[in-house]
Amino acid sequence: MALPQTPNSNGIDYIDDEDFIAFEIPWDSAGARLDKMLAVTLPDYSRSRLQTWVEAGAVTVDGEVRKARYLLKGGESVRVFPQEMPEQHAFAAENLQLAVHAADESLIVINKPAGLVVHPAAGNWSGTLLNGLLFHFPELVNLPRAGIVHRLDKDTSGLMVVARTAIAQTALVRQLQAHLVNRHYLALVWGAAPPLGKIATPIARDTRDRLRMAVVNKDQGKAALTHFRRLAQGVFMGKPVSLLECRLETGRTHQIRVHLESIGLPLLGDPIYRKQVPHFAKELAFHRQALHAFALGLQHPQTEQLCNWYQAPPSDFMALLQLVQIDASALPTDASGSLS
């Protein structure tokens, strides 16, 4: 049902116009801000939730929608129409197109496109891989995180494995914890990379920027280990570019991105880790980190056979290779014998 229309209600629909909280403003509260009075009167609700309701127009003062900073006069009648929060629908099935690379009764291998968030979180309560999995594989509703055992960053493309049973999920988590899952990535970085390299520096949240991770001292972060080898070298506007194959032994947030930047090899297109990016990088017109999970290897949780899957990079990555003058023949056709 909808809140009865007023000149200020903007036609917003509400859950139920009979499901509201009503109270009157004491006369001695004249001059108080609406948001402050809501927090005092309704302590069972968080300030952020009340703020969201005010911004949505779900709070009226004498029948009029008011802003959070509205100064009360005292004696007004306030009605609050509690709204469903987006996180309440975070685990809803959604008919999203998914690229299933392989599937059997124990697991699903997904080729995740760049731009797809893996798991619902603040700012992305819907339209995630998890929502799509619940639609196409309804049985996953019975598993924690819908069977997801590891993640890729939103703008990283490539292969991910998802469990279909509790037994498979336990087995895959144990393999990940024991560093037995082989995850190989293709990365395009600024700079002339050495033929081979290993980065073994701890990673933690950057204390100056919560969106970033950072290399830290041993006692400040979690251990992280990245192996890499150079597959080819290219150039863009006179600046050397390297195509790398990277293998993770650990799975820290942004691990490849922060590790490579820490040794002067930031990824092309990365919007966050770009301290050492040349000033003309914007000429690339490539607005995501140039990172693709091209190979995945693990022991099958049911048959115990070793399984390996390979996925060629998407079209935007291939076009970027051409732009930086690296031939596609440099791409590995599988992960066998490389960084094993």
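Arg-257 is buried, with a relative accessible area of 4%, where buried means under 20% relative accessible area, exposed means over 50%, and partly exposed lies in between (1.4 Å probe, protein chains only). The model is a predicted one, in which local features need pLDDT of at least 70 and side-chain atom pairs count only at pLDDT 80 or more, whereas totals for chains, interfaces and linings use all residues. Residues are numbered from 1 along each chain as its sequence is written, and side-chain values use heavy atoms, with hydrogens and water left out.

Arg-257 forms a salt bridge with Asp-153, the closest N and O atoms being 2.9 Å apart; a salt bridge is defined as a side-chain nitrogen of Lys or Arg within 4 Å of a carboxyl oxygen of Asp or Glu. Because Asp-153 lies in the loop between α3 and β7 and Arg-257 in helix α5, the pair ties together parts that are 104 residues apart in sequence. Helices (H or I, at least four residues) and strands (E, at least two) are DSSP runs, numbered from the N terminus.

A search of the whole structure finds 10 salt bridges. One of them joins Glu-139 to Arg-164, with the closest N and O atoms 2.7 Å apart. Glu-139 lies in the loop between α3 and β7 and Arg-164 in the loop between β7 and α4 (166-177), so this pair ties together parts that are 25 residues apart in sequence. Glu-139 is partly exposed at a relative accessible area of 29%, and Arg-164 also counts as partly exposed, at 22% relative accessibility. Arg-247 and Glu-249 form a further salt bridge, their closest N and O atoms being 3.6 Å apart; Arg-247 counts as buried at 9% relative accessibility, while Glu-249 is partly exposed, with a relative accessible area of 23%.

A polar atom of the His-150 side chain lies 3.0 Å from the backbone nitrogen of Val-161. When residues up to four places away in sequence are not counted, His-150 touches Val-118, Leu-159, Met-160, Val-161, Leu-176 and Arg-183, a contact being heavy atoms within 4.5 Å.

The largest nonpolar core has 32 residues, and those with the most contacts inside it are Leu-129, Leu-133, Leu-140, Tyr-185, Cys-246 and Leu-260. Such a core is a set of buried Ala, Val, Leu, Ile, Met, Phe, Trp, Tyr and Cys residues joined through side-chain atoms within 4.5 Å. At least two residues of this core are supplied by each of β6 (107-112), α3 (129-136), β7 (157-163), β8 (182-190), β13 (239-248), α5 (255-262) and β14 (291-299), and α3 gives the most, with four residues. A second, separate core of 22 residues includes Leu-188, Leu-268, Phe-286 and Phe-294. Tyr-185 of the largest core touches Phe-294, and its other contacts, not counting residues up to four places away in sequence, include Leu-152, Leu-244, Cys-246, Ile-256 and Ala-293.

Among the strands, an open sheet of four has the order β1-β4-β2-β3, with antiparallel pairing, two strands being paired if DSSP finds at least two bridges between them. Its edge strands are β1 (21-24) and β3 (64-65), each of which pairs on one side only. Strand β2 (residues 59-61) is joined by three bridges to the antiparallel strand β4 (residues 77-80), and the bridge partner of Val-61 in β4 is Val-78. Elsewhere, four bridges join β9 to strand β12 (residues 226-236), and these two run antiparallel, with Lys-198 opposite His-227 in β12. In a regular strand the side chains alternate between the two faces of the sheet. Strand β9 (residues 196-199) has a covered face, Gly-197 and Ile-199, and an uncovered one, Leu-196 and Lys-198.

Over the whole chain, there are six helices and 15 strands. The radius of gyration, taken over C-alpha atoms, is compared with a globule rule of 2.2 Å times the number of residues to the power 0.38; the value of 25 Å is well over the 20 Å that the rule gives for 340 residues, so the chain is more spread out than a compact globule. Of the 340 residues, 47% count as buried.

Conventions: Polar contact = N/O pair within 3.5 Å; in protein donor to acceptor, adjacent residues only side chain to side chain.
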